[in-house]
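Hello,

Here is the structure I promised to pass on, with my notes below it. Please have a look at it first and then read on.

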Amino acid sequence: MGVRNRAIEAFCAIDGDARHWQILALSGLFSISFLTSDFGAKPINLGMAIFGAMVAQLIGTIATKSSLQWKSALITSLSLSILLRATSPWLWFAAGVIGVGLKFAVRLNGKHIFNPACIGIVAVMLIFGREAWVSPGQWGQAPLLAGYALALAALVLSSAKRLDIALGFLVSFAAIMIGRAIWLGDPLSIPLHNLSSGALLVFAFFMITDPRSTPDSRIGRVIFAMSVAALAAWFVIGPNVRGAPLMALAVLAILTPVLDRVFRARRFEWTSDKENSNGPETAHVGVRARPRFLRA
């Protein structure tokens, strides 16, 4: 019974905090990128991203007198290591510091505006120009399908309940790109190439779905997803902006507080355990109670 109880307790700990599933899935995607691409994610870059994100998280924690949200910083670091490519490892450190730092510095009504990984990547791309860019993450068909399955499973199993925004973005973005190709008579291989990338996978399932920087209501999330998809598609079709989805998300991040004000809903928070008490990410929604036989 003791082994069984510990196993169920461990599962409840994972199931009660959406970040656990995100960490597991992103670790899997990091492995896919590392193993299948010559220019994929590298452990040294992940280490630098973790170092930068944790430094910023620690400073922000001390400044706000809150609890140390190391899981959120780790998710940011994994996303940075999968998506960002740069000429020097210290740029991953810079992206981690900027992304997590802005999470504490730019807030409205207790909710941060920007997704940390997104704004970290966009910032280093704008500041350092050609020294930093976004990897398209062409992993090949089989690894990409495995990645989508892993990401979908993580999102469905977690308590974040953000599948609507992921599918809203992917369907809208695909519809615009494929519709344009059909309208112009272009081969469908062009939009399918834009849709078949690891970068789009990570963005759709682990970045635009961030419950702490996206609208709380379902209608708000769908509107937000469609807006980001439309701007991202225009960035691809028109000025051919590097990292179009990330740029679109950074530009439209201000829509979140507007949509939260128009379509009011209960705010998502991560967990209700002691880790989050008295901090800026105190939580109640999405937590499942432990089984009665495990309670003291």
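Let me begin with helix H10 (198-206). As 9 of the 9 residues of H10 are buried, this helix is largely enclosed by the rest of the structure. Buried here means under 20% relative accessible area, exposed means over 50%, and partly exposed is in between, with a 1.4 Å probe and protein chains only. The buried set in H10 runs Gly 198, Ala 199, Leu 200, Leu 201, Val 202, Phe 203, Ala 204, Phe 205 and Phe 206.

A word on where this comes from: the model is predicted, so local features need pLDDT of at least 70 and side-chain atom pairs count only at pLDDT 80 or more, while totals for chains, interfaces and linings use all residues. Residues are numbered from 1 along each chain as its sequence is written, and side-chain values use heavy atoms, with hydrogens and water left out.

Overall, the protein has 13 helices and 4 strands. These are DSSP runs numbered from the N terminus (helices: H or I, at least four residues; strands: E, at least two). Of its 296 residues, 52% count as buried. Taking contacts (heavy atoms within 4.5 Å) between residues at least 6 apart in sequence, 75% join residues at least 24 apart.

The largest nonpolar core holds 70 residues, and the members that touch the most others are Leu 29, Phe 169, Phe 173, Phe 206, Val 228 and Leu 246. Such a core is a set of buried Ala, Val, Leu, Ile, Met, Phe, Trp, Tyr and Cys residues joined through side-chain atoms within 4.5 Å. A second, separate core has 5 residues, including Ala 53, Ala 73, Val 100 and Phe 104. In soluble globular proteins, nonpolar side chains tend to be buried together.

Phe 173 belongs to helix H8, where the buried residues include Phe 169, Leu 170, Ser 172, Phe 173 and Ala 174. Beyond its neighbours within four places in sequence, Phe 173 is in contact with Leu 195, Leu 200, Ala 229, Ala 232, Ala 233 and Val 236. Its C-alpha lies 7.7 Å from that of Met 226, which is 53 residues away in sequence. Met 226 sits in helix H11 and is partly exposed, at 47% relative accessible area.

H8 itself (residues 163-184) has 22 residues and should span 32 Å at 1.5 Å a residue, which agrees with the 32 Å between its end C-alpha atoms. The expected span is 1.5 Å times one less than the number of residues. Just after H8, Gly 185 takes a positive phi of about 80°.

Helix H5 (residues 90-105) passes the same kind of check: its 16 residues should span 22 Å, and the end C-alpha atoms are 22 Å apart. Among the buried residues of H5 are Trp 92, Val 100, Lys 103 and Phe 104. The partners that the buried residues of H5 pack against include helix H3 (43-64), helix H4 (70-83) and helix H6 (116-128).

Leaving out residues up to four places away, Gln 57 touches Leu 68, Gln 69, Ala 73, Val 100, Lys 103 and Phe 104. The C-alpha atoms of Thr 209 and Arg 162 are separated by 5.7 Å, though the two are 47 residues apart along the chain.

Two loop residues are also worth a look. Lys 65, between H3 and H4, has a positive phi of about 55° although it is not a glycine, and is exposed at 74%. Asn 240, between H11 and H12, also has a positive phi of about 55°, and is exposed at 58%. Most residues other than glycine have a negative phi.

I hope this helps you find your way around.

Best wishes
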